Amino acid sequence: MSKLYVKVDLDLCQGHGVCQAEAADVFQLQETDAPYPQSIVLIENPDEAHREQVLRAARFCPNSAITVSEE
Ligand code: SF4
């Protein structure tokens, strides 16, 4: 099984929190320089157990700020 890589583009993230709701182990809203909390990736290479959650987070992020790639 290929390995997952997760990234959040903070130029796009506006802190809607959908990602954290879908995959709380992987994404966490934290204070940044932006005027709202933004999503920080806690696990950049999540294991297979997180695959569905991470893909849902990427699909439902309103700003399309999450990239999930595989190698
Ligand atoms: S759902 Fe998207 S815009 Fe919202 S906090 Fe997560 S990455 Fe940012």
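L12 sits in the loop that links β1 to α1, where helices (H or I, at least four residues) and strands (E, at least two) are DSSP runs numbered from the N terminus. The model is a predicted one, in which local features need pLDDT of at least 70, side-chain atom pairs count only at pLDDT 80 or more, and totals for chains, interfaces and linings use all residues. Residues are numbered from 1 along each chain as its sequence is written. With 14 C-beta neighbours inside 10 Å, L12 counts as partly exposed; by this scheme a residue is buried if 20 or more other C-beta atoms lie within 10 Å of its own, exposed if 12 or fewer, and partly exposed in between, with C-beta atoms placed from the backbone. Leaving aside neighbours within four places in sequence, L12 is in contact with N63, S64 and A65, a contact being two C-beta atoms, placed from the backbone, that lie within 7 Å of each other. The C-alpha atoms of L12 and V68 are 56 residues apart along the chain and separated by 15 Å.

N63 is found between α2 and β4 (66-70), and it is partly exposed, with 15 C-beta neighbours inside 10 Å. Beyond its neighbours within four places in sequence, N63 is in contact with L12, C13 and Q14. A separation of 10.0 Å lies between the C-alpha atoms of N63 and D11, which are 52 residues apart along the chain. S64 belongs to the loop between α2 and β4 as well, and its 11 C-beta neighbours inside 10 Å make S64 exposed. S64 also has a positive phi of about 50° although it is not a glycine. For context, most residues other than glycine have a negative phi.

The chain as a whole has two helices and four strands, which run β-α-β-β-α-β from the N terminus on. Its radius of gyration is 11 Å, close to the 11 Å that the globule rule gives for 71 residues, so the chain is as compact as a globular protein of that length. Here the radius is taken over C-alpha atoms, and the rule is 2.2 Å times the number of residues to the power 0.38. Along the principal axes, the C-alpha atoms fill a box of roughly 40 × 20 × 20 Å. Of the 71 residues, 27% count as buried. Among contacts between residues at least 6 apart in sequence, 60% join residues at least 24 apart.

The largest nonpolar core contains 15 residues, of which C19, A23, V54, A57, C61 and I66 touch the most other members. Such a core is a set of buried Ala, Val, Leu, Ile, Met, Phe, Trp, Tyr and Cys residues joined through C-beta atoms within 7 Å. Two or more residues of this core come from each of β1 (4-8), α1 (18-22) and α2 (51-60). Leaving aside neighbours within four places in sequence, V54 is in contact with L4, V6, A23, V26, P46 and V68.

V54, A57 and A58 are buried in α2. They cover an arc of only 95° around the axis, which puts them on the same side of α2; the arc is that of the directions from the helix axis to the C-beta atoms. On the other side of α2, E52 and R59 are exposed. The cover over the buried residues of α2 includes β1, α1, β2 (27-30) and β4. R51 also lies in α2 and is partly exposed, with 16 other C-beta atoms within 10 Å.

Finally, V41 is part of strand β3 (residues 38-41). V41 counts as partly exposed, with 18 C-beta neighbours inside 10 Å. Apart from its neighbours within four places in sequence, V41 is in contact with V6, K7, V8, V26 and F27.
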